[in-house]
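This report describes one protein chain. It goes from the overall build to the core and then to a few backbone details.

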Amino acid sequence: MIRTTRVFLTGLRFGEGPRWHDGRLWFSDFYQHAVFVVSEDGELERVLEVPQQPSGLGWLPDGRLLVVSMLDRCVLRREPDGTLVAHADLSHLATFHCNDMLVDRAGRAYVGNFGFDLQAFRDTGAPQPAPTVLIRVDPDGAASIAADQLHFPNGTVITPDGGTLVIGETFANRLTAFDVAADGTLSNRRTWADLQSIGVRPDGICLDAEGAIWVSNPAAPEVARVAEGGRVLDRLATTQPSFACMLGGRDRRTLFVMTAPDSGRGRTLEQKGAIEVAPVDVPGAGLP
């Protein structure tokens with residue numbers, strides 16, 4: 001019998017990029033153009049506005065927040081006084097909207113992008129999905145290509161030792177791994193898990209202390225826990241398709257799942273997005 005989540009918070013338009021930080025869950029809402037935080041007791045706070053649509057979140061070693069600004073393809077930085085400034089311009093590298101981001105312990109950010117006009121493809125079938133790049137942003141804001149030929153690079157994790165990065169390729173139905181060098185360079189590309197046969201199209205992901213990855217599935221109302229190689233270890237049924245997940249809570253044994261009817265702007269304006277939760281046995285590990 002598949003276990004189910006419970007609804008924790010409603011009234012979102014489209015929640016993405018959940019991160020457990022300083023005892024609260026941080027997340028972006030695309031179509032409210034804002035970043036929020038919510039406590040375990042459900043107390044919600046609107047933290048900042050991002051007019052060009054926020055997505056991935058992360059923190060520099062000094063505690064300053066980084067946030068992806070999707071439509072203008074850049075990373076913004078929140079200064080101690082609360083102002084938002086440009087951290088990195090990615091418009092010369094990203095071929096369409098930027099999306100999820102992981103910031104490592106050195107302050108390097110790995111940022112994905114759509115690679116093609118997703119909404120036009122969904123509406124008309126054209127253009128066809130095209131591969132794109134994963135962008136690395138160094139702490140000083142310098143941007144370069146970390147990896148290419150990725151099919152909608154999306155949710156990303158780094159193992160506790162910092163040595164392996166795993167990223168979801170949404171339109172390839174797989175998780176792809178790289179070795180991470182001390183300077184942030186990626187190498188030794190390989191398939192970590194082929195998800196085609198289990199019907200999972202990966203979006204946001206998170207890592208646990210046994211090395212398994214929870215994978216949100218925008219193609220179905222569920223989230224799946226997957227081992228390296230692709231074996232499904234657990235599945236949780238959600239009330240609607242899932243788009244991102246994060247292990248948090250006081251002991252990192254609460255799985256927070258961002259759900260919505262759809263990712264397209266039209267349907268999500270109905271504010272049917274939600275955060276759903278479930279207790280799990282194995283705590284979160286690594287980054288984010």
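The secondary structure of the chain comes to 2 helices and 25 strands, where helices (H or I, at least four residues) and strands (E, at least two) are DSSP runs numbered from the N terminus. The radius of gyration is 17 Å, close to the 19 Å of the globule rule for 288 residues, so the chain is as compact as a globular protein of that length. This radius is taken over C-alpha atoms, and the rule is 2.2 Å times the number of residues to the power 0.38.

The model is predicted: local features need pLDDT of at least 70 and side-chain atom pairs count only at pLDDT 80 or more, while totals for chains, interfaces and linings use all residues. Residues are numbered from 1 along each chain as its sequence is written, and side-chain values use heavy atoms, with hydrogens and water left out.

Along its principal axes the C-alpha trace spans about 50 × 45 × 40 Å. Of the 288 residues, 58% count as buried; buried means under 20% relative accessible area, exposed over 50%, and partly exposed in between (1.4 Å probe, protein chains only). Among contacts (heavy atoms within 4.5 Å) between residues at least 6 apart in sequence, 45% join residues at least 24 apart.

The largest nonpolar core has 27 residues, of which Val75, Leu90, Met101 and Val111 touch the most other members. Such a core is a set of buried Ala, Val, Leu, Ile, Met, Phe, Trp, Tyr and Cys residues joined through side-chain atoms within 4.5 Å.

Not counting residues up to four places away in sequence, Leu90 touches Arg73, Cys74, Val75, Cys98, Val111, Ile135, Val137 and Ala143. In soluble globular proteins, nonpolar side chains tend to be buried together.

Arg73, one of the residues that Leu90 touches, lies in the loop between S8 and strand S9 (74-78). Arg73 has a positive phi of about 55 degrees although it is not a glycine. Gln149, in strand S14 (residues 143-150), also has a positive phi of about 55 degrees without being a glycine. With 48% relative accessibility, Gln149 counts as partly exposed.

The peptide bond from Leu287 to Pro288 is cis, with omega near 5 degrees. Pro288 is found in the segment after strand S25 (273-279). Most residues other than glycine have a negative phi, and most peptide bonds are trans.
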